Amino acid sequence: MRMLKQVAKKKNIAFWLFLPAFALTVGILVPFGYSVAMSFTNLNLTAGTKAFIGLGNYIKMMKDPEFWNSLKVTIFFTIGAVAFEVLVGFAAAYLLNLGLMGQRIYRTLFLVPVMLPPTVAAIMWKLMMAPIQGVLNYLLQLAGFLGLEWLGSSKTALMSVILIDAYVFIPFCGMIFLAGVQNLPKEPYEAAAVDGVSSWFVFRKLTLPLLKPVILIVLLFRIMDCLKHFDIIYAATKGGPASATMTLTVQAYYHSFRWTDMGYAFAHLVVLWAIVYVLSYFIVEQWKKAVAEVHGR
């Protein structure tokens, strides 16, 4: 009898431990499943329609030049922002690891942008990038250069949004790289110093291979985040000018909340989810291989 009570008690503990994970899983999967289901309907809040149309929204998207433009902008934005943030973040991590005087102050200042809400950072940079009153053009003209249109021109708007995103997220990349650099094993570097190999050789043959898992983790986070970006872009340009910064998320926002075409908006987001899923799966597999190479497991 006592044994049966102990078994029942253990089952109760297992049930209560399992319950939060189950509730979380249901909370994630139900809205996701609903979104996928609605992408196969003509759900429109203004017209009051909600009929099953199969692949109608996806076929319409394939013929929609605005969809292809938003996909192209999303890809260019992701490539530009991730490349810039990873390279500068990596360089900043190296500088912050050199043991320079006042390093604690530098690290604190380096983290300031990532503490700002992205929307606040976007509005702050929007003011700085104003063609006439903005401080950036003032500094350029002071140095003898012509001012730029920044967010006001379709030629420079995407680059400007990438700069804003880099300002906010370079510290995030830099801190992860810094943690990785500080945890590198010392023995290979001591052996390289005894052999008298060059710093460039050490960087290429030791540092980069040992940091490969860390680099892949940073790429995973930043690629996923950039593909889904909405707040910085909408606060800075609202997708303009002339759709130059119209990413898939901003396009989906217009279809859903401006034009109440929810079914078509859900179809955009399902395509975006598929892209994020495939890329994330590929990077995670590469990360597993890199961890096995570095740590032998």
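Analyst: Happy to! One definition to start: axes are lines fitted to C-alpha atoms, for helices over the stretch in contact, and angles run from 0 to 180 degrees between N-to-C directions. Please keep in mind that this is a predicted model.

User: Thanks! How are α7 and α10 oriented relative to each other?

Analyst: Helix α7 spans residues 157-182, and its axis lies 10 Å from that of α10, at an angle of about 160°. Angles over 145 degrees count as roughly antiparallel. The two helices α7 and α10 are therefore roughly antiparallel.

User: What is the handedness of that α7 and α10 crossing, and how many nonpolar residues does the contact have?

Analyst: The crossing of α7 and α10 is right-handed. On the α7 side, the contacting residues include Phe169, Phe172, Ile176 and Phe177, while α10 brings in Val214, Ile215, Val218 and Phe221 among others. By class, the contact of α7 with α10 also has one polar and three charged residues, and its nonpolar residues number 10.

User: Is Asp165 buried or exposed?

Analyst: Good one to look at: Asp165 sits in helix α7 and is part of the contact with α10. Beyond its neighbours within four places in sequence, Asp165 is in contact with residues including Phe77, Ala81, Arg222 and Cys226. Since its relative accessibility is 0% and the cut-off for burial is under 20%, Asp165 counts as buried.

User: With which side chain does the side chain of Asp165 make a polar contact?

Analyst: Among the contacts of Asp165 are Glu85, His229 and Ile232. The polar contact, at 2.3 Å, is between the side chain of Asp165 and that of His229.

User: And how is α10 arranged against α13?

Analyst: Helix α10 covers residues 212-227 and α13 covers residues 262-295; their axes come within 9 Å and cross at roughly 175°. That makes α10 and α13 roughly antiparallel.

User: What classes of residue make up the contact of α10 with α13?

Analyst: Two charged residues take part in the contact of α10 with α13. The rest of the contact has two polar residues and 18 nonpolar ones.

User: How many residues of α12 are buried?

Analyst: Helix α12, residues 248-258, is mostly covered, and what covers its buried residues includes α3, α10, α11 and α13. Among the buried residues are Leu248, Val250, Tyr254 and His255. Out of 11 residues in α12, the number buried is eight.

User: Which residue just after α12 takes a positive phi?

Analyst: Look just past the end of α12 for a phi of about 50°. The residue with that positive phi is Thr260.

Key:
Residues numbered from 1 in each chain as written. Predicted model: local features only at pLDDT ≥ 70, side-chain atom pairs only at ≥ 80, totals over all residues. Heavy atoms only, no water. Helix = DSSP H or I, 4+ residues; strand = E, 2+ residues; numbered from the N terminus. Parallel < 35°, antiparallel > 145°, perpendicular 65-115°, else oblique. Nonpolar A, V, L, I, M, F, W, Y, C, P; charged D, E, K, R; others polar. Left-handed = near helix turned anticlockwise from the far one by under 90°. Contact = heavy atoms within 4.5 Å. Buried < 20%, exposed > 50% of the residue type's maximum accessible area, 1.4 Å probe, protein only. Polar contact = N/O pair within 3.5 Å; in protein donor to acceptor, adjacent residues only side chain to side chain.
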